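Take a look at the chain below before reading on.

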Amino acid sequence: MKYIDKQTQHIRELLYPITGTTRAKTYFSYYGIMKDDVMFALYKNGNFYLYISKDCLTEVTQYPAITLLNDVQYGIYSKSFYRLPEYIIKNLSNYTHWITQSIAEITASKKLQQSKKKQFIRALPNMNIQLERMLKKLDIHSPDELIEQGEIPIFIKLLKLGIDVDQTMLFRLYGAIKHQYIYTLSEQEKQNLLQEANSALYEAGLRKRFKIK
């Protein structure tokens, strides 16, 4: 058994009837208790700190023995994790809703963050915040607008705006729209794209920029 598992075995066994299998990971000088990818509790030296959801906060704060995590020695302070006293830890079945609500709230928050992230161009393959800002100069603010305009028209607009872009940018845009990373594009795909771009550049009154193999 790994050291971290041994150190947290007791508390995870107490949680098992409520949460099922959990695991532990290092979190600063603490052990984070995880349900899947949700860290809902901290554990250190026999002290158990539970993330308290907004729905349970009023109830929890009625217990004087329950206190916020405030580790002066390591400078760790939390407004969400509360230390549960021993008598509550020994009777966790009476406080099941605290734990299930904790996991549910964190899970919902993570899903919301992921959903918001998908609305950003930077979340697409090959994109980053710098390219996102560059595309905003063309009034392209979302993945949908990027897809609607297409990689070649966008490439041409960037050139006309005086931005020095090369075939790598064209591949980045194409991959972002197709949800593919550049390294997954075949050589044939790249050559076809460059040929199409050359034709579009010529029609737009610009010189052809790419050599076709």
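This is a predicted model: local features need pLDDT of at least 70, side-chain atom pairs count only at pLDDT 80 or more; totals for chains, interfaces and linings use all residues.

Helix α5 has a buried set of residues: L131, E132, M134 and L135. Why do they sit on the same side of α5? They cover an arc of only 160° around the axis, so they share one side of the helix. What does that side meet?

E132 forms a salt bridge with R122. The closest N and O atoms of the pair are 2.7 Å apart. E132 belongs to helix α5 (residues 129-136), while R122 lies in the loop between α4 (96-117) and α5. The two residues are 10 apart, and the pair links distant parts of the chain. Are the two partners buried or exposed? E132 has 2% relative accessibility, so it counts as buried. R122 has a relative accessible area of 35%, so it is partly exposed.

Now step back to the wider region. The UniProt annotation "domain: TfoX C-terminal", from an unreviewed entry, covers residues 119-196. This span is 60% helix and 0% strand. Its end C-alpha atoms lie 29 Å apart.

How is the protein chain divided? Domain 1 takes in 3-118, and domain 2 takes in 121-204. Taken over C-alpha atoms, the centres of domain 1 and domain 2 are separated by 45 Å.

Next, the strands. Strand β1 (residues 23-27) and strand β2 (residues 30-35) run antiparallel. How many bridges join β1 to β2? The count is 5. One of the pairings involves Y27, whose bridge partner in β2 is Y30. The hairpin of β1 and β2 has 2 residues between the strands. In this hairpin, F28 takes a positive phi near 55°.

D71 forms a salt bridge with K44, and the closest N and O atoms are 3.5 Å apart. D71 is in strand β5 (residues 67-71), and K44 is in strand β3 (residues 38-44).

The last stop is helix α1 (residues 3-19), where D5 is found. D5 forms a salt bridge with R12, with the closest N and O atoms 3.9 Å apart. R12 has 15% relative accessibility, so it counts as buried. D5 has a relative accessible area of 23%, so it is partly exposed. The cut-off matters here, because buried means under 20% relative accessible area. How far is D5 from N47? Their C-alpha atoms are separated by 16 Å, and the residues are 42 apart along the chain.

How many salt bridges are there? The count comes to 4. Among them are the pairs E132 with R122, D71 with K44, and R12 with D5.

Technical notes:
Residues are numbered from 1 along each chain as its sequence is written. Side-chain values use heavy atoms; hydrogens and water are left out. UniProt positions are given in the numbering used here, feature names are shortened, and annotations may be inferred rather than shown by experiment. Helices (H or I, at least four residues) and strands (E, at least two) are DSSP runs, numbered from the N terminus. A salt bridge is a side-chain nitrogen of Lys or Arg within 4 Å of a carboxyl oxygen of Asp or Glu. Buried means under 20% relative accessible area, exposed over 50%, partly exposed in between (1.4 Å probe, protein chains only). Two strands pair if DSSP finds at least two bridges between them. Domain bounds come from an automatic or database domain assignment. The arc is that of the directions from the helix axis to the C-beta atoms.
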